Amino acid sequence: MVDLKDLSVDAGEATDTASQVFQREGILIARNLLPADVVRTIADFLRDAVAEIDKTVRRYGFSLQDADASERLTALMDDPVAEISAQDRHMFLGHFPLEVRLAEPLRAIPRFLNTHPLLFDLLSTRRLYAHMPPTARYVLPRCSLARVPLHQDISYNRHMGDFCVVWVPLVPIDLACGGMAAYVRTHRAPEMVAEDKAAADGWLAPIDSALADGAQRIVLAPLEPGDVVVMGRRTMHESMPNSSNRMRLSCDFRFFGERSHSAKHYFDIAANTVVAPASAR
């Protein structure tokens, strides 16, 4: 049986140890990797963004600060006659809007990782790129509405070649606050979702956990701000509900090297430039 310590390396350990864990398990937890000031700045920026989302929520008659906000938001989303714009529905499911995800503060994480050998070694690359935009999400206290179904990131990123997923918790993650669960050693599995039609909530059809073929499911908790989780593009994973009294904040990125590619916008980190797809130039 694999447990969390088998997936974890300290930021100060040699990267060849991290590479061995990643290649074997398809999941790596790099402890204390990100500087505290980087994590704190991004968390504060996203909390301010939640306050802006709350202004939209108030137009529907309640506030994200209300004690029963999660219940009221769920009821609103389930109301068949409620008139909710697609943009608002997307935000209410825990997604930050595009302008937040494209904002400068989130780029501090790729910039730092571009100074550290970890991803260069994991991807066997000399140059690092990040898909744009990254994902950033919030999950209200006592909320299961924003849960991401079991999936492989390859199904959402078919425009990319080989890549890895980097998930960054911005608050302490325990079993109550949730976070993620993943299936170890599924990083070499075939893609499980053939269709690309998303459901009304924006997610593809969830993978049947039986297709994990007996792979061990492990809850990735506890984690602390500064830790990062790295997964393969085929690693099966899902988010957990937040049953705590704290809001969960996280962001995640897809990184690739010079031998891979992307047909959409990406961040050339060394050049500090967002590269547009050829069709948009």
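This is a predicted model: local features need pLDDT of at least 70, side-chain atom pairs count only at pLDDT 80 or more; totals for chains, interfaces and linings use all residues.
Trainee: Which residues of helix H2 are buried?

Mentor: Helix H2 spans residues 15–25, and its buried members are Thr15, Ala18, Ser19, Val21, Phe22 and Glu25. Around the helix axis they cover an arc of only 165°, so they sit on the same side of H2.

Trainee: What covers the buried residues of H2?

Mentor: The cover includes two helices, H1 (4–7) and H8 (117–122). It also includes the strands E1 (8–10), E2, E5 (164–169) and E8.

Trainee: Which residues of helix H4 are buried, for a second case?

Mentor: In H4, residues 69–78, the buried positions are Ala69, Ser70, Leu73, Leu76 and Met77. Viewed down the axis of H4, they fall within an arc of 125°, and therefore line one face of the helix.

Trainee: Against which helix do the buried residues of H4 pack?

Mentor: They pack against helix H5, residues 86–92.

Trainee: Let us turn to charged side chains. What can side chains of opposite charge do when their charged atoms come close?

Mentor: Side chains of opposite charge can pair when their charged atoms approach one another. In this structure, a search of the whole model finds 17 salt bridges.

Trainee: With which residue does Arg31 form a salt bridge?

Mentor: Its partner is Asp227, and the closest N and O atoms are 3.0 Å apart. Arg31 belongs to strand E2 (residues 27–31), whereas Asp227 lies in the loop between strand E7 (217–219) and strand E8 (228–232), so the pair ties together parts that are 196 residues apart in sequence.

Trainee: Are Arg31 and Asp227 buried or exposed?

Mentor: The cut-off for buried is a relative accessible area under 20%. Arg31, with a relative accessible area of 19%, is buried. Asp227 also counts as buried, at 2% relative accessibility.

Trainee: How is a pair inside one helix to be read, and what separates Arg47 and Asp44 in helix H3?

Mentor: For such a pair, one considers the spacing along the helix. Arg47 and Asp44 are 3 residues apart in helix H3, which means a separation of about one helical turn. Their side chains meet in a salt bridge, at 3.4 Å from N to O. Arg47 is partly exposed, with a relative accessible area of 38%, and Asp44 is likewise partly exposed, with a value of 39%.

Trainee: Where in the structure is Asp54 found, and which residues does Asp54 touch?

Mentor: Asp54 is found in helix H3, residues 36–58. Leaving aside residues up to four places away in sequence, Asp54 touches Ser63, Leu64 and Gln65. With 5% relative accessibility, Asp54 counts as buried.

Trainee: How far apart are the closest N and O atoms of Glu104 and Arg111?

Mentor: They are 2.6 Å apart, and the two residues form a salt bridge. Glu104 counts as partly exposed at 44% relative accessibility, and Arg111 counts as partly exposed at 27%. Elsewhere, salt bridges that share partners join Arg24, Glu25 and Arg185 into one network.

Trainee: How many disulfides does a search of the whole structure find?

Mentor: The search finds 0 disulfides. Cys164 is buried, with a relative accessible area of 1%, and Cys251 is buried, with a relative accessible area of 0%.

Trainee: Finally, the overall fold. How many helices and strands does the protein have?

Mentor: The protein has 8 helices and 12 strands. Its C-alpha atoms fill a box of roughly 55 × 50 × 40 Å along the principal axes.

Trainee: What radius of gyration would a compact globule with 281 residues have?

Mentor: The value would be near 19 Å, and the protein has 18 Å, which agrees. Buried residues make up 54% of the 281 residues.

Trainee: What share of the contacts between residues at least 6 apart in sequence join residues at least 24 apart?

Mentor: The share is 80%. As for the surface, the protein exposes about 12800 Å², of which carbon and sulfur atoms supply 52%.

Methods. Residues are numbered from 1 along each chain as its sequence is written. Side-chain values use heavy atoms; hydrogens and water are left out. Helices (H or I, at least four residues) and strands (E, at least two) are DSSP runs, numbered from the N terminus. Buried means under 20% relative accessible area, exposed over 50%, partly exposed in between (1.4 Å probe, protein chains only). Contact means heavy atoms within 4.5 Å. A salt bridge is a side-chain nitrogen of Lys or Arg within 4 Å of a carboxyl oxygen of Asp or Glu. A disulfide is a pair of cysteine sulfur atoms within 2.5 Å. The radius of gyration is taken over C-alpha atoms; the globule rule is 2.2 Å times the number of residues to the power 0.38. Accessible areas come from the Shrake-Rupley method with a 1.4 Å probe; for residues, only the protein chains shown count as cover. The arc is that of the directions from the helix axis to the C-beta atoms.
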